[in-house]
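Welcome! Here is a short briefing for anyone meeting this structure for the first time. Please have a look at the sequence and the model, then read on.

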Amino acid sequence: MIFTGKRVLVVEDEFLVALGLEDNLRSLGCTVVGPVASLSAAMAAAAHEKVDAAILDVNLVGEAVYPAASILADRGIPFIFCSGYTGSVRMPAEFADAPRVAKPYTSRVIAEALSDLLSGGAAGETVLRGPANATNGM
């Protein structure tokens, strides 16, 4: 899939992880919006930014990203939850089927997950990818 021109919101509170993800997405041709590191910034971006997709870390400095995910869902913007807690934390019922990528992940895993998401292939599917599929605590 060609990602050129696709705007992807990155919500990640770990600076080095955000920097690596931003670099990965740009190498795929994406325009990165963010990264944003707090729930309030994530909610503002989710409500107002023009984006094609989002990658959301579940835990933002101790706050769950779910309110921002709800805003994206209401706007019809697809997103991927990306976290070291993905395999061990129960997701709210409204997000039980949302695609997920477990940390640590590779560039290839992010590219595949984003391709699935933007092509509609991951809609309604739970996707646990990466070497931390089980219960990695980050």
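## A first look

Strands E3 and E6 run parallel and are joined by three bridges. Helices (H or I, at least four residues) and strands (E, at least two) are DSSP runs, numbered from the N terminus. This is a predicted model, in which local features need a pLDDT of at least 70 and side-chain atom pairs count only at pLDDT 80 or more, while totals for chains, interfaces and linings use all residues. Residues are numbered from 1 along each chain as its sequence is written, and side-chain values use heavy atoms, with hydrogens and water left out.

**The protein as a whole**

- The protein has four helices and seven strands, and from the N terminus on its elements follow the order β-α-β-α-β-β-β-α-β-β-α.
- Of the 138 residues in the protein, 44% are buried (buried means under 20% relative accessible area, exposed over 50%, partly exposed in between, with a 1.4 Å probe and protein chains only).
- Among contacts with a separation of 6 or more, 70% are between residues 24 or more positions apart (contact means heavy atoms within 4.5 Å).
- The protein exposes about 6,400 Å², and carbon and sulfur atoms supply 54% of it (areas come from the Shrake-Rupley method with a 1.4 Å probe; for residues, only the protein chains shown count as cover).

- The average pLDDT of the protein is 84, and 83% of the residues score at least 70 (pLDDT is the predictor's confidence in each residue, from 0 to 100).
- Over residues 122–138 the pLDDT is below 50, and this stretch has 50 contacts in the model beyond near neighbours in sequence.

**The sheet**

- An open sheet is formed by five strands in the order E2-E1-E3-E6-E7, with parallel pairing (two strands pair if DSSP finds at least two bridges between them).
- Strand E2 (31–36) and strand E7 (100–102) stand at the edges with a single partner strand each, so one side of each has no neighbour in the sheet.
- On average, neighbouring strands of this sheet are turned by 20° against each other, direction ignored (axes are lines fitted to C-alpha atoms, for helices over the stretch in contact, and angles run from 0 to 180 degrees between N-to-C directions).
- Four bridges pair strand E1 (residues 7–11) with strand E3 (residues 53–56) in the parallel sense; Val 8 stands opposite Ala 53, and Val 11 has Leu 56 as its bridge partner.
- On the E6 side of the pairing, Ile 55 stands opposite Ile 80.
- E3 is covered on both faces, with Ala 53 and Ile 55 buried on one side and Ala 54 and Leu 56 buried on the other.

- An α-helix has 3.6 residues a turn, so residues three or four places apart point the same way.
- Helix H2 (residues 39–48) has Leu 39, Ala 42, Ala 45 and Ala 46 buried. These residues cover an arc of only 125° around the axis, which puts them on the same side of H2 (the arc is that of the directions from the helix axis to the C-beta atoms).
- The face of H2 turned away from its buried side carries the exposed residues Ser 40 and His 48.
- Packing partners for the buried residues of H2 are E1, E2, strand E4 (59–60), strand E5 (63–64) and helix H3 (66–75).
- In H3, the buried residues are Tyr 66, Ala 68, Ala 69 and Leu 72. Their arc around the axis is only 155°, which puts them on the same side of H3.
- The buried residues of H3 pack against H2, E3, E5 and strand E6 (79–83).

- Glu 22 lies in helix H1 (residues 15–27) and is buried, with a relative accessible area of 13%.
- Leaving aside neighbours within four places in sequence, Glu 22 is in contact with Val 32, Gly 34 and Pro 35.
- Pro 35 lies in strand E2, and a cis peptide bond with omega of about 5° joins Gly 34 and Pro 35.
- The peptide bond from Lys 103 to Pro 104 is also cis, with omega near -5°; Pro 104 is in the loop between E7 and helix H4 (107–119).
- Val 61, in the loop between E4 and E5, has a positive phi of about 50° although it is not a glycine. At 65% relative accessibility, Val 61 counts as exposed.
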